[in-house]
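These are my notebook entries on one structure. I set down what I looked up, entry by entry.

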Amino acid sequence: MAYRRSLSVWASLAGTIVIWLVLVGPLITLVAKIQPSQIISALRAPGAFTPLGVSVGSAIIALGFLVLVGTPLGYVLARSSWRGVRLLEAGMLLLLLMPPLVIGLLLVFMLGPLTPLGLALGSIHLSATNTFFALVVAEVYEAAPYYVLGAQSAFVGLDQGILDQASLLGDTPRQRFFRLSLPLARPQLTSSLAIAWARAIGAFGAVIIIAYHPYGLPMQVWTTLNEVGLARALPFALVLLVVSLPLPLFAYTWSRRARG
């Protein structure tokens, strides 16, 4: 009996490892395939680091915007008793389910230079077509549902009893939000922000439609792949991974510790 149980444990462990290897296979392939000399050669090319700066800068701005507008929206979705809030939630879910390429196409119709919103942007010298601003817009739309729905989940999980006690002690809704809701939801908000960061800095589908220029890292990978081949594109793919992964890993570790 003990022998069968031990055999079952080892079979489960082996199956788990095989599944894990299959799922992280692309990452293992990237690390195994690329040579240090390829990385050095690619990164020594003139202007090689420009896409890195563009991607990091635009992703930081996109995340700052999402924190400012997405956090209160997630709170309203989680705590509001207004019936129409479900319609707002459905809009976020649709944005999540929509292919990024379609988001890019629809952004052309919404923010193109001849549309009312495009003309309004033009009056303040902004354009949502092939500009740094357009890149930020594309990243916001690709990352927004991940952060907003994550924030909603974080606020839904709060202990209502603690919030009710704060109300009985005289806290206003604004004081409850900043003194209790926000600190208590911070671990999950951090995880949501990390996912949004990975989505923003790796945004491609909407970006290729409205922000082909200036090149961020995903576009650099794509154009290098098309122009000079896979071998020259892999170093930029590795740089994209190195830049995008630390924040999610840190957030995951920190949020696990914060939750105990």
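**Entry 1: salt bridges.** I began with the term itself: a salt bridge is a side-chain nitrogen of Lys or Arg within 4 Å of a carboxyl oxygen of Asp or Glu. I note that this is a predicted model, in which local features need pLDDT of at least 70 and side-chain atom pairs count only at pLDDT 80 or more, while totals for chains, interfaces and linings use all residues. Residues are numbered from 1 along each chain as its sequence is written, and side-chain values use heavy atoms, with hydrogens and water left out.

I searched the whole structure and found three salt bridges. Asp171 pairs with Arg179, and their closest N and O atoms are 3.4 Å apart. I then checked how covered the partners are (buried means under 20% relative accessible area, exposed over 50%, partly exposed in between, with a 1.4 Å probe and protein chains only). Asp171 is buried at 18%, whereas Arg179 is exposed at 54%.

Arg199 forms a salt bridge with Glu142, with 3.8 Å between the closest N and O atoms. Because Arg199 lies in helix α10 (residues 173–201) and Glu142 in helix α8, this pair ties together parts that are 57 residues apart in sequence. I took helices as DSSP runs (H or I, at least four residues), numbered from the N terminus. Glu142 is buried, with a relative accessible area of 4%; Arg199 is partly exposed at 30%.

Arg86 forms a salt bridge with Glu89, the closest N and O atoms being 2.6 Å apart. Why are Arg86 and Glu89 separated by about one helical turn? The reason is that they are three residues apart in helix α5. An α-helix has 3.6 residues a turn, so residues three or four places apart point the same way.

**Entry 2: nonpolar cores.** I define a nonpolar core as a set of buried Ala, Val, Leu, Ile, Met, Phe, Trp, Tyr and Cys residues joined through side-chain atoms within 4.5 Å. The largest has 52 residues, of which Leu66, Phe155, Leu189, Val207 and Ile210 touch the most other members. Helix α8 (residues 132–156) gives the most to this core, with 14 residues. Apart from it lies another core of five residues, among them Ala42, Ala48, Ala233 and Phe236.

Entry 3: I counted a contact as heavy atoms within 4.5 Å. A polar contact is a pair of N or O atoms within 3.5 Å; within protein, one must be able to donate a hydrogen and the other to accept it, and residues adjacent in sequence count only if both atoms are side-chain atoms.

Is Thr115 buried or exposed? Thr115 is buried at 13% relative accessibility, and its place is the loop between α6 (100–111) and α7 (116–123). Its side chain reaches the backbone oxygen of Met110 at 3.1 Å.

Thr131 sits in the loop between α7 and α8 and is partly exposed at 24%. The side chain of Thr131 reaches the backbone nitrogen of Ala134 at 3.0 Å. Leaving out residues up to four places away in sequence, Thr131 touches Ala211, His213 and Pro214. The C-alpha atoms of Thr131 and Tyr212 are separated by 8.3 Å, although these residues are 81 apart along the chain.

**Entry 4: the ends of helix α9.** Asp159 caps the N-terminal end of helix α9 (residues 160–168), with a side-chain oxygen 2.8 Å from the backbone nitrogen of Gly161. I found that α9 is followed by Gly170, whose phi is positive, near 105 degrees.

Terms used. Helix = DSSP H or I, 4+ residues; strand = E, 2+ residues; numbered from the N terminus.
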